[in-house]
Amino acid sequence: MPTVNDKSIEGIVQKEDPVLRAKAVEVPIEEIQSPRITKIIEKMQKVLVAQSDGVALAAPQIGESLCIVVISGKVYLDPEDMDSYTDTSKDIICINPKLIKSSKERENMPEGCLSVRWLYGKVKRSKKATITAYDREGKKFTLSGKGLLAQIFQHEIDHLNGALFVDTATDLEVIDPIEEKRKRKEKRALKK
Ligand code: ZN
């Protein structure tokens with residue numbers, strides 16, 4: 001089993017790596033559709049979809065200090081269907097995302113990070129948030145979210161600023177993923 005000290009787990013850099021602490025660089029608009037950026041986005045999607053509990057990924061997490069975030073299309077699914085998700089066509093690609101609005105109303109939300117295995121904790125997040133970003137065609141869009149989506153916006157933009165959820169989290173604990181999976185399966189079986 002991978003440990004917290006592993007340098008990279010399945011292509012995802014882990015918290016000791018300085019790239020996670022750097023301020024990510026914006027992608028020049030004219031380069032959004034370049035082969036280099038396209039390749040990075042595709043790699044991010046591939047790495048993300050391989051993580052059954054992964055809902056989003058920032059480019060620094062694959063070692064690229066660039067302002068790119070991929071949000072998995074699975075965020076719109078029932079959490080119980082997330083494990084078997086393989087469709088990357090619905091991923092939301094956010095290039096140079098900016099948080100333009102976040103609600104004053106905040107709540108403690110349970111949180112983990114693909115770069116901080118296997119710690120989990122609670123982070124105070126705005127309940128609602130709005131971002132602007134560019135899509136992979138270079139078109140600017142605005143997206144508002146609440147709950148999980150709002151939390152993702154805040155967590156991922158923190159990554160682009162070199163922040164990790166453990167910097168501000170409370171009630172941190174290590175959760176064994178194999179044990180958790182077993183529990184989830186058990187729960188699912190009971191529901192049937
Ligand atoms: Zn993260």
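What spacing do the donors of the zinc ion follow along the chain?

Mentor: Along the chain, the zinc donors follow the spacing C-x41-H-x3-H. Keep in mind that this is a predicted model. The protein donors are Cys-113 through SG, His-155 through NE2 and His-159 through NE2. They lie 2.0 to 2.3 Å from the zinc ion.

Take the histidines. His-155 and His-159 sit in helix α2, which covers residues 148-160. They are four residues apart there, so about one helical turn separates them. Both His-155 and His-159 are buried.

Cys-113 has a relative accessibility of 7%. Buried means under 20%, so Cys-113 counts as buried.

Next comes Leu-114. Its backbone oxygen lies 2.9 Å from a polar atom of the Gln-14 side chain. Gln-14 itself is placed in the loop between β2 (12-13) and α1 (35-49). With a relative accessible area of 1%, Gln-14 is buried.

Finally, the question of disulfides. A disulfide is a covalent bond between the sulfur atoms of two cysteines. This structure holds zero of them. Cys-94 is in no disulfide, and the nearest cysteine sulfur, that of Cys-67, is 12 Å away. A disulfide needs the two sulfur atoms within 2.5 Å. Cys-94 is also buried, at 1% relative accessibility.

Methods:
Residues are numbered from 1 along each chain as its sequence is written. This is a predicted model: local features need pLDDT of at least 70, side-chain atom pairs count only at pLDDT 80 or more; totals for chains, interfaces and linings use all residues. Side-chain values use heavy atoms; hydrogens and water are left out. Helices (H or I, at least four residues) and strands (E, at least two) are DSSP runs, numbered from the N terminus. Buried means under 20% relative accessible area, exposed over 50%, partly exposed in between (1.4 Å probe, protein chains only). A polar contact is a pair of N or O atoms within 3.5 Å; within protein, one must be able to donate a hydrogen and the other to accept it, and residues adjacent in sequence count only if both atoms are side-chain atoms. Donors are N, O and S atoms within 2.8 Å of the metal (3.2 Å for Na, K and Ca); water is not among the atoms, so sites may look incomplete.
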